[in-house]
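This report describes the fold of one protein chain.

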Amino acid sequence: MNKIPSYALYGEAAQPVWHESLHVETISNRSGAYDWSIEPHRHDSQLQILYLQQGGGRVLCDSVHLAAHAPCIIQIPAQSVHGFDWQGPVEGKVVTALQQPLESVAELLAPGLLPLLRNRRLIELPHWSATEDPLLPLFAALEEEYLTRGREHTACSTALLLALLVQILRLGESAAAEPGQPRGRRSQQIRQFREQVEIHFRSHRPVSDYADLLGMTLATLGRLCQERLGMSPLAAINARLLLEARRELAYSSRSIKEIAHDLGFSDEGYFSRFFRRHTRLTPSEFRNQVRQGQL
């Protein structure tokens, strides 16, 4: 069974989860060694934060191609299939860290960080001078911690990572907010809904369960999703299932039966009918078209 390549760092075999809690390097160090092209792969337990400071290119993340131009932040959570096709030399920083310990701390101290940790993001940034840049000191401190490995390294690096993620969260909200549009309770509620979908989408819970978890009625959840996502709650849940199905069909050679079981379907036939209803293709047809370069 040929699964999607999984690395601790691209080109290096995956290590036990306790082996490395933090890694910091320049983008050019690894991408340059591979002629500025990194093939699709994933990290089973690590998230990556890239601070692109010079250059640009295309970023593949879960079958979505994003155009990245400096300066920007690229956030890639664990398990996301991703690759890079840089348009010549680029420069910046890459931080790789264990995701689960960060999620555990965030649940206690900063629940609003969880959607950031669990979803891909590309945030365009202003062209700051070196003295104005609020991210450079945090990346520098993380690099220093990575290189020196002082006493209580894990605790210190986790604290610095949380500070960096909070700053990224603030920058992302500022970039997404329209002038005169305050960020309020509804934004928080939709983030909580998407967080719960991320946790439970494989278990095929009814929409009423999500409404109960969020402390709202079915009607309120329905209006919220239509207003903020442009779709019903069930459509949002199904979209997450389809994303994972496409990811596995496109980037792994696991059997359709195995993929169906992993995604919580009772049998392969039920999964195939679900997939075809939403894509007009059977799983086999989708996989064949991807391999022939038609998708």
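## Sheet and packing helices

In this predicted model, five strands make up an open antiparallel sheet with the order 1-8-3-6-9. Strand 1 (22-26) and strand 9 (121-124) are the edge strands; each has a single partner strand, so one side of each lacks a neighbour in the sheet. Direction ignored, neighbouring strands of this sheet are turned by 10° against each other on average.

Strand 1 runs antiparallel to strand 8 (residues 91-98), and five bridges join the two. Within this part of the sheet, Thr 26 stands opposite Lys 93 of strand 8.

| Helix | Strands touched | Angle |
|---|---|---|
| Helix 2 (residues 99-109) | strand 3 (46-54), strand 8 | about 75° to strand 8 |

## Helix 12

Which residues of helix 12 (residues 283-291) are buried? They are Pro 283, Phe 286 and Arg 287. These residues lie on the same side of helix 12, because they cover an arc of only 95° around the axis. Their cover includes helix 9 (233-251), helix 10 (256-262) and helix 11 (268-279).

## Whole chain

The protein chain contains twelve helices and nine strands. Of its 295 residues, 45% are buried. Among contacts between residues at least 6 apart in sequence, 71% join residues at least 24 apart.

Technical notes: Residues numbered from 1 in each chain as written. Predicted model: local features only at pLDDT ≥ 70, side-chain atom pairs only at ≥ 80, totals over all residues. Heavy atoms only, no water. Helix = DSSP H or I, 4+ residues; strand = E, 2+ residues; numbered from the N terminus. Buried < 20%, exposed > 50% of the residue type's maximum accessible area, 1.4 Å probe, protein only. Contact = heavy atoms within 4.5 Å. Arc of directions from axis to C-beta. Pairing = 2+ DSSP bridges. Axes fitted to C-alpha atoms, helices over the stretch in contact; angles between N-to-C directions.
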